[in-house]
Structures are given as structure tokens and as C-alpha cells.
Amino acid sequence: MLRLIGKRLVGALPSVIGVLIVTFLLTRALPGDPAAFFAGPAATPQAIEEVRRALGLDKTLPEQFVVYLKDLARGDLGNSIATGQPVLTEIRTRLPASLELTLYGLLVSVLIAVPLGVLAATRPGSWIDHLCRVMTTAGVSLPAFFTGLLLVYVLYYRLGWAPAPLGRLDIFYSAPPHVTGLYTIDALLAGDGATFRAACAQLLLPVTALAIFTLAPLARMTRAAMLEVLGSDFIRTARASGLPKGKIVYAYAFRNAMLPVVTTLGMVFSFLLGANVLVEKVFSWPGIGTFAIEALISSDYAPIQGFVLTMALLYVALNLAIDILYIVIDPRVGFES
Amino acid sequence: MSAVPVLSVDSLSVEFRTRSGIVKALENVSFAVNKGEMVAIVGESGSGKSVTAFTVMGILDAAGRVTRGTATFGGLDLLQAPEAALRDIRGREMSMIFQNPRVALNPIRRVGDQIADVLLQHGNVTRREAPKRAIEMLQKVRIPDPERRARAYPFELSGGMCQRIMIAIALACSPKMLIADEPTTGLDVTTQAAIMDLIAELGKDQGMATLLITHDLGMAAEYCDHIVVMHAGHIVEAAPTAELFAHPRHPYTAKLIAATPKPTVSLMDLAAIPGNLPDLRAAEIAPCRYSARCERKQTRCDQALPQVLGDVKNSVVACWNPL
Amino acid sequence: MSETLKHIRYVLTENPVTLFAFSLFGFILFCALFGPYLAPYDPLATNGAATLQPPSGAHWFGTDALGRDIFSRVLVATRLDLGIAFFSVVLTFAIGALAGIAAGFFGGWVDRVVGRLADTIMAFPLFVLAMGIVAALGNTVGNIVLATAIINTPLYARVARAEANIRRNAGFVEAARLSGNGEARILLMQILPNILPILMVQCSLTMGYAILNAAGLSFIGLGIAPPTPEWGILVAEGAAYMISGEWWVALFPGLALMTAVFCFNLLGDGLRDIVDPRRRT
Ligand SMILES: Nc1ncnc2c1ncn2[C@@H]1O[C@H](COP(=O)(O)OP(=O)(O)OP(=O)(O)O)[C@@H](O)[C@H]1O
Ligand SMILES: [Mg+2]
């Protein structure tokens with residue numbers, strides 16, 4: 001199994017290289033002449049040449065790519081014009097906020113979507129089946145930023161159940177001591193129940209908005225996979241052997257149905273990371289999405305490149321994790337002729 | 001022959017509700033299987049053999065509905081019994097093995113565990129004993145190196161090996177009755193013989209009643225005491241094996257036998273019988289579902305249901321104009 | 001042909017949801033074509049005397065912070081949103097269908113190159129890639145169309161590739177080959193028409209994603225600049241007022257957006273029933 005996992009790790013290399021090339025090309029595709037842009041509007045032609053040389057833009061594209069890779073290897077993603085900070089530092093401090101949101105969003109959507117899909121598949125035609133269908137079609141049609149706003153209006157403005165959509169913690173609380181960067185976990189580690197509850201309260205609405213958006217593909221896939229597996233020959237064998245319904249549905253059908261569901265997790269992550277950016281904006285969440293949006297508005301390019309690269313590498317890593325999970329749960333992987 | 005059959009099916013009719021209408025898959029099917037006896041159901045594809053078996057086991061699709069008839073097993077009508085009672089019977093008193101053994105086993109569960117599941121459900125074994133008993137079962141179905149094979153997944157085993165595992169699952173609790181639905185389809189010829197020998201031998205050892213469903217008239221002749229011939233959801237003829245081969249009475253049976261020159265030729269290979277099965281969705285199917293293909297058809301064949309004429313002891317033929 | 005028409009009629013009468021989707025599509029199309037002529041107010045006209053009015057008889061969807069009529073703005077935005085999605089899908093279709101069919105039909109290195117390119121795009125979270133592309137190429141509507149097209153292409157190419165692959169040695173292709181047609185001609189004249197219906201289904205589903213994506217981009221301030229009415233921007237403009245209770249500013253454009261995406265998703269499912277009756281769920 002370790003050999004298989006090693007093979008998958010190597011298999012992810014082309015994706016990483018592809019990501020690096022694309023982000024590099026995006027950097028070089030800046031509108032107009034980047035040298036003129038960085039030199040400023042009042043620069044003389046000599047000054048522009050100067051900047052061009054300083055930026056290494058006079059070299060050939062492959063040479064520039066090598067320089068780009070070297071910079072990356074040193075962790076140099078450039079500096080943010082707005083804050084003057086190195087982009088890497090900015091991303092490192094903001095990434096935990098985004099991760100916390102994403103992970104809870106995924107967790108909640110899995111916890112709802114998978115049981116929903118299973119129940120719908122085991123009771124075809126029942127109200128829960130119809131509910132599942134409506135939710136899957138409606139769920140993908142609801143933009144996460146819009147759901148987020150509706151939640152804010154109903155649960156914050158109208159009912160007052162949720163705190164104001166302004167960041168990770170209410171201003172009356174201070175961040176827990178940094179361990180993982182995830183406030184909920186750090187607060188628990190510090191044994192600070194009040195901060196934990198406050199962090200959860202802030203997470204409630206954005207996580208719900210994310211979960212509603214990503215729930216649909218998961219529930220749809222779970223339902224389809226369960227229906228397919230329940231109709232397969234080995235389930236008939238299990239029924240003919242007198243195994244009880246619970247054992248058939250969970251030990252036999254469910255475990256098999258999870259295999260295709262795990263493969264779709266990749267697509268779900270793609271949805272999730274994209275929706276994350278929008279939800280961060282709605283809830284003033286201090287993650288890397290908000291960081292990138294601010295940079296976009298002020299035409300601050302280095303942070304955007306850093307953001308795209310970070311998200312892409314994160315996504316490649318997540319896909320790799322899915323692959324490895326698959327190897328662990330499906331004994332057949334690697335044996336197909 | 002003992003007086004009380006192990007399984008007796010009487011006037012069974014089954015329909016399927018589908019998008020394109022109601023399929024009358026079985027009509028008025030009756031037969032019985034005695035202790036220690038092996039009975040074959042033969043017929044071409046789509047004649048309702050599997051539907052018969054699934055109905056008896058109570059594992060019919062949700063779309064299927066029994067409209068008439070009984071299936072008596074150990075004094076209980078399986079078609080009326082509550083699901084809990086059926087679940088207790090399945091796998092313990094009455095088992096079934098299927099065609100295509102490679103897909104009939106759970107692909108991501110070790111085969112030893114799959115046998116142990118059934119033992120734990122019915123076999124009065126403890127969790128500790130179950131793996132050992134599973135290995136014993138593997139030994140019984142002559143799987144070499146059973147300890148190692150118990151830990152294998154189905155994809156690591158050959159088709160014949162998988163069918164032996166299926167047999168081990170089916171016979172784990174020493175059932176009174178085994179239904180084998182085309183147990184050798186998809187296996188090569190030598191493996192086919194080995195599997196059939198195994199089923200016959202274990203059946204004899206345990207005094208088990210066996211219902212063998214097959215396309216292969218030759219195989220039915222070799223292993224079975226009694227043969228039931230089905231066509232388009234009807235039983236057209238049933239008789240003791242020797243009798244059926246010596247004096248086929250139904251024109252369809254005669255065609256089948258004539259079309260089976262050597263015992264090894266499968267019905268699947270035969271294009272010799274003209275015409276196709278009738279469309280079972282039609283609102284009005286001819287009373288004799290073979291009449292459209294029949295050379296001996298008479299005017300009265302269209303009028304009423306062909307009578308079931310008793311002839312030799314234990315045999316029936318459903319034809320107005322038998323041979 | 002009449003068989004097909006009969007089947008379409010059967011699907012429409014059998015499945016009221018599909019019929020509903022088709023009617024909704026007609027309605028949205030109508031709004032896109034005639035919206036600007038039907039709008040009761042000038043969508044850009046501000047009115048200092050009637051700011052942030054809740055929905056009323058005069059302003060069905062209320063007014064925004066500058067007193068502009070939200071109903072008119074939502075109605076007029078239909079054309080732009082649908083237009084962006086439409087052109088990006090056309091682009092996706094042109095690139096994705098051709099690349100996918102060529103990959104499936106020729107196999108070999110063409111297949112490998114197309115596959116690698118598609119994999120590279122798919123290695124990014126798609127919305128993030130779209131952000132990157134628009135940021136790099138410039139903040140214009142054209143680049144929104146382009147970015148949306150690029151991120152939708154791999155899935156599209158994959159469908160086209162699979163369908164073309166099945167048919168590369170089909171009877172009708174062999175027949176065309178035997179009668180002396182070149183490979184490129186076979187690809188365009190035989191394979192493309194044959195898988196067109198399946199690609200159209202995919203188009204409808206892609207429309208939904210394209211609308212969502214474009215609206216998402218403009219929601220974060222990319223592409224279309226205010227005061228041009230566009231659903232994503234309208235929602236963004238209303239976002240701040242959700243906290244203070246002026247729900248109508250963001251709600252109506254959001255609902256319009258949702259309805260359009262919902263319609264195309266339903267339509268895709270319905271079209272699939274017509275094109276491929278086997279694969280119904
Ligand atoms: N789930 C179902 N829905 C609708 N019709 C069905 C269903 N299952 C079986 N049938 C119909 O019942 C008839 C008998 O099918 P059955 O599977 O019993 O045939 P068979 O004799 O076992 O054939 P084979 O040798 O191919 O296994 C067929 O006409 C089939 O169309
Ligand atoms: Mg069968």
C-alpha cells in the first residue's frame with residue numbers, strides 16, 4: 001500500500017508543474033507592459049528599462065521561469081503594495097481563517113448530505129427522496145454569497161440568533177493563543193469555553209452558507225451511488241442469505257457506495273474553495289479570499305498570484321488526500337489488469 | 001419419494017409494473033421439490049426461471065407483485081409470511097446461489113468475513129468461533145489453502161473459486177433447500193463440471209432438496225431427477241427426467257430435445273426454434289403462449305387456456321394437442 | 001423525425017417539471033430581449049427623494065440607496081447576464097467540443113495533449129482560476145467571458161471525448177471512411193452532428209455554471225463596473241443593507257440570479273431525458 005501511495009505522490013507532480021507554469025504565465029500576462037506599470041506613470045524610458053532589468057523581464061521566458069521557481073523555493077512571493085508585507089507572511093497568517101471555514105463547511109455538508117442521500121436511496125419515492133431531489137437541484141442554483149446574505153438578514157437582523165457578520169470573533173473577545181490557528185481548536189486547547197462558543201457563533205452563518213452550496217453534488221452522488229449499489233448482485237446475495245436490512249444497507253451497500261462519493265469529493269472541494277472566497281467577502285472574514293479581493297480592487301498583483309498559487313497547491317494536496325483515502329478503503333486499487 | 005415435498009409452489013402468478021405496462025412474467029406456475037431430490041427448471045432466456053426463484057426466496061424487485069398462488073416451505077406459505085420470518089429462513093433453511101459469482105460477492109469484503117456474516121446471523125456461533133467455522137466451510141467446498149483464501153477479496157479469486165465461496169455461504173447453515181440459479185454460467189467447461197459435482201455431492205450428503213435453474217438441458221439430464229420446462233412464464237411440461245427425454249409430450253419440449261443433439265450444447269446457442277417469446281406486456285396474450293411458434297397449432301388453442309393433462313405419474317403437460 | 005417529436009411531446013407531458021423549465025426559459029429569454037423596452041424606469045436614473053424605498057405599487061422591487069428602481073435594474077440586467085453566459089458557453093462549445101472530439105477520435109498524442117491541458121486547468125479550484133485569469137488579463141467584460149469559458153472547457157471536452165471515442169469505429173464512420181472521406185471531414189460531417197444532442201444537453205448545464213460564475217466574479221468587483229446593472233453587482237450593492245434591514249436591495253437580484261441558474265439546470269436534466277431516455281434518474 002505504501003508503494004501505491006508513493007506512486008500517487010509522484011503522480012501529483014505533473015499537476016504541481018502545471019499549476020506552477022500557469023501561475024507563472026499569469027504573472028507575465030499582466031496587462032500592458034509590467035515594467036512601465038511598476039515604474040509608475042511618470043517614469044522616463046531609461047527608468048522603465050532599469051525596472052525591466054531589475055524585474056528580470058529582459059530575459060527569455062524560460063529563464064524567467066527558472067528565476068520564478070528559485071524565488072518560490074525561497075518562499076519569496078513578492079510584497080503586497082497595500083500592506084508592504086511579504087505576501088507569504090500575509091497568506092500564512094490568513095490561511096488558518098480560510099481553512100477553518102472550509103473544513104467546517106465540508107464537515108457540515110458531509111454530515112447532512114451523506115445521510116440524506118442514503119435515506120433517499122433506501123426509500124425511493126418517499127418524502128425524503130423528494131426532499132433530496134429538491135435540495136440537490138435548488139442547492140446548486142443558490143449562489144453561496146446570496147445564501148449567506150439571506151442568512152444574515154433572517155438570523156442576524158430579524159431573529160438576532162447569530163452575531164454580526166464581521167469576522168472571526170466578536171470584538172469583546174480576543175483571539176486564543178496561537179497553536180493551530182483555528183480559533184475553535186485553539187480555544188478548546190486553552191480550555192477557554194467562552195471564546196470557543198464565540199468562535200462557533202461567528203462560524204455558524206458562513207459555514208451554513210458554504211454547506212448549502214456544496215451539499216447538492218454530495219447528496220446527489222450519494223443517492224445515485226447507493227441506488228446503483230443496492231441494485232447490484234452482491235446485495236441480492238446478502239438478502240438471499242437472510243442478513244438484516246441494517247447490515248445490508250450499512251456494512252454492505254454503504255461502504256461500496258462511498259467509493260464513487262469519495263471520488264467526487266475533488267469536485268466538491270473545487271466548489272468549496274471557490275465559494276469560500278465569496279462567503280469570506282460577505283462575512284468580512286479575514287481569510288486569504290478577502291485578502292485577494294482587496295488586492296484585486298487595488299490592482300496589487302503579487303498577492304493575487306500568491307493567492308492563486310496557494311489555493312491551487314491546497315487543492316492539489318486535497319486531491320492527493322482523496323486519492324490516498326481511496327487506496328485505503330478500496331482493496332482493488334492497483335490490482336486492475 | 002417422500003410424501004410431503006420440501007418446497008411446493010402452487011398456481012403462482014407474478015406481474016411487474018413497468019413504465020411501458022404490466023409484464024405478466026409468471027402465470028399459474030406449480031411444481032414441487034422433494035427431500036434429497038434435484039429438480040431442474042429449463043427454458044430459454046426470459047422464460048421466468050429467475051423470477052420464480054426470486055419469488056420463492058422473497059427477494060423480488062419492488063416492481064414485482066405476486067398476484068396469485070402459494071409457495072409452501074416447511075408448512076409455511078412463504079408468500080404470506082412476514083419479512084422477519086422470511087429473513088430467518090433465508091440462508092438458514094433455504095439458500096440460493098447465483099450466476100456470475102464474481103459480481104455476486106461483496107467486492108470490498110474479505111470472503112471469510114462474508115461467510116462469517118451468515119454464520120453469525122443464523123449459525124449460533126460466537127464472534128470468536130465464526131472465522132474458524134468459515135475456514136471449515138472453505139475446506140468443505142474444497143478450496144486449497146483455506147486459511148489464506150479466507151483473507152482474500154473476490155477480485156483476487158477465479159470465477160470457479162468465487163462460486164465455491166458462494167456455495168460455502170449458501171450451505172454454511174446446512175439448509176434444507178438450495179436454489180441454484182444458473183450456477184455455472186460464466187465458468188469454463190471443466191470448472192462447470194466440478195461445481196455441479198460439488199453441489200450434487202454436498203446436496204446428497206445433507207439430504208438437501210435442490211432446485212437447479214439452467215439453460216443446459218444436458219446438465220439437467222445428468223444431475224436431475226425431475227425436469228420442469230418453462231416457456232414465457234408458463235410451465236409447458238414437467239416430468240421425470242427419463243420420461244421427458246423418452247417421450248416428450250409438449251411440442252416445445254420436443255423441439256428443445258431435438259435441438260440438443262449432444263448433452264453439452266446449451267440452449268443459448270440454439271437458433272433452431274423458430275420465432276421469439278411473445279411480448280409479455282401485451283394486454284391480451286394468447287392463452288397458450290407458445291401457439292404463435294407452434295407447428296401443431298389447432299383452432300382450439302386460441303380459445304381457452306390449454307388444459308394441464310396429467311399423464312404418467314408425476315408429470316404434466318400444458319397442451320391441447322400433445323405429441 | 002416524427003418519432004423524435006413524439007418523444008419530445010411524451011417527455012414534456014410526462015414530466016411537468018421539464019415543461020415548467022421550458023416555459024421559464026422562454027420567460028427569461030423574453031426578459032433578455034425586451035427587458036430594456038419594458039422597464040418602467042430608467043435603470044440608471046437616480047432619485048434623491050425616493051431612496052431605499054421598500055417594494056410598493058410604484059416600485060415593485062423597491063429602490064436602492066440612490067433611489068434607482070430595482071425592478072428596472074434587475075429586468076435590464078437579464079440581457080447582460082445571459083449574454084455573458086451565452087457567449088462564454090459558445091466559446092466553451094467551440095474549444096471544448098472540437099478539442100474533445102479530436103482527442104476521442106484520433107487518440108494518440110492529440111488525446112494526451114488535450115488531456116494534459118484539461119488536467120492542468122482542473123488542478124485549480126475553478127473559481128479561483130477564473131479570478132486569476134481576469135486579474136491577469138485585465139478587468140473587462142470580455143475577459144470575464146473568456147475566463148468563464150476556460151474553466152468550463154475541461155468538463156465539456158471530457159464529455160465530447162468520451163462520446164467521440166465510442167463512435168470512432170462505429171458503422172456509419174466506417175462507411176464514410178470506405179467511401180473515401182478524409183478523417184477531418186469525417187470528424188466534422190459525421191461525428192460532430194452525431195454527438196451534437198449530447199453536447200447541447202451539456203451546454204444547458206454549463207449555462208447554469210457560467211451565470212453563477214460570472215455573477216460571482218462581478219460580486220467581488222471584477223469585470224462589469226457600476227453603475228451598469230448586473231445581478232452580481234446588484235447583490236453586492238445590496239449586501240451592506242442586509243445588516244440594516246433593507247432586504248429588497250439584494251433579495252430581488254439574487255432571486256433573479258437563482259431563478260435563471262435553476263432554470264438552466266432543470267432544462268439540462270429535461271433535455272437529457274429527451275436526448276438520452278436511458279439515462280433518466
Ligand atoms: N425487474 C423487472 N422488471 C420488469 N420485468 C422484469 C423484471 N425482472 C424480470 N422481468 C421480466 O420477467 C421475465 C422473466 O425474466 P427472468 O429473469 O425470470 O428470465 P430467465 O428465465 O431467468 O432468463 P435468463 O435465462 O436470461 O436468466 C422477462 O420477460 C423479464 O422481462
Ligand atoms: Mg435468470
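Modeller: Before we start, helices (H or I, at least four residues) and strands (E, at least two) are DSSP runs, numbered from the N terminus. This is a predicted model, in which local features need pLDDT of at least 70 and side-chain atom pairs count only at pLDDT 80 or more, while totals for chains, interfaces and linings use all residues. Residues are numbered from 1 along each chain as its sequence is written, chains are lettered from A and ligands numbered from 1 in the order in which they are written, and side-chain values use heavy atoms, with hydrogens and water left out.

Biologist: Where does C:Ser204 lie?

Modeller: C:Ser204 belongs to helix α8 of chain C, residues 183-219.

Biologist: Is C:Ser204 buried or exposed?

Modeller: C:Ser204 is buried, because its relative accessibility is 5%; buried means under 20% relative accessible area, exposed over 50%, and partly exposed in between (1.4 Å probe, protein chains only).

Biologist: What does the side chain of C:Ser204 reach at 3.2 Å?

Modeller: The backbone nitrogen of C:Gly268.

Biologist: Changing topic, how many residues does the contact take from chain C and chain A?

Modeller: Chain C gives 42 residues and chain A gives 48. The area buried between these chains is about 3700 Å², with 80% from carbon and sulfur atoms. Buried area is the accessible area (1.4 Å probe) that two parts lose on being put together, summed over both.

Biologist: What is the count of salt bridges between chain C and chain A?

Modeller: The count is 0, a salt bridge being a side-chain nitrogen of Lys or Arg within 4 Å of a carboxyl oxygen of Asp or Glu. Polar contact joins 2 residue pairs between chain C and chain A, both residues at pLDDT 80 or more. A polar contact is a pair of N or O atoms within 3.5 Å; within protein, one must be able to donate a hydrogen and the other to accept it, and residues adjacent in sequence count only if both atoms are side-chain atoms.

Biologist: Which elements give two or more residues to the side of chain C that touches chain A?

Modeller: These are α4 (108-122), α5 (126-137), α8, α9 (231-243) and α10 (248-275) of chain C. The largest share of that side, 11 residues, is from α10(C). By class, the side of chain C that touches chain A has 32 nonpolar, 8 polar and 2 charged residues. Ala, Val, Leu, Ile, Met, Phe, Trp, Tyr, Cys and Pro count as nonpolar, Asp, Glu, Lys and Arg as charged, and the others, Gly among them, as polar.

Biologist: What is A:Met311 in contact with, leaving aside its neighbours within four places in sequence?

Modeller: Its contacts are A:Leu273, A:Val277, A:Ile288, C:Pro125 and C:Val128. A:Met311 sits in helix α14 (residues 301-329) of chain A and is buried, at a relative accessible area of 3%.

Biologist: Turning to chain B, what domains is chain B divided into?

Modeller: Domain 1 (7-93 + 175-317) and domain 2 (101-174); the bounds come from an automatic or database domain assignment.

Biologist: Which side chains meet in a salt bridge at 2.7 Å, N to O?

Modeller: Those of B:Arg142 and B:Glu201. Across the interface of domain 1 and domain 2 of chain B the rule finds 1 salt bridge.

Key. Contact means heavy atoms within 4.5 Å.
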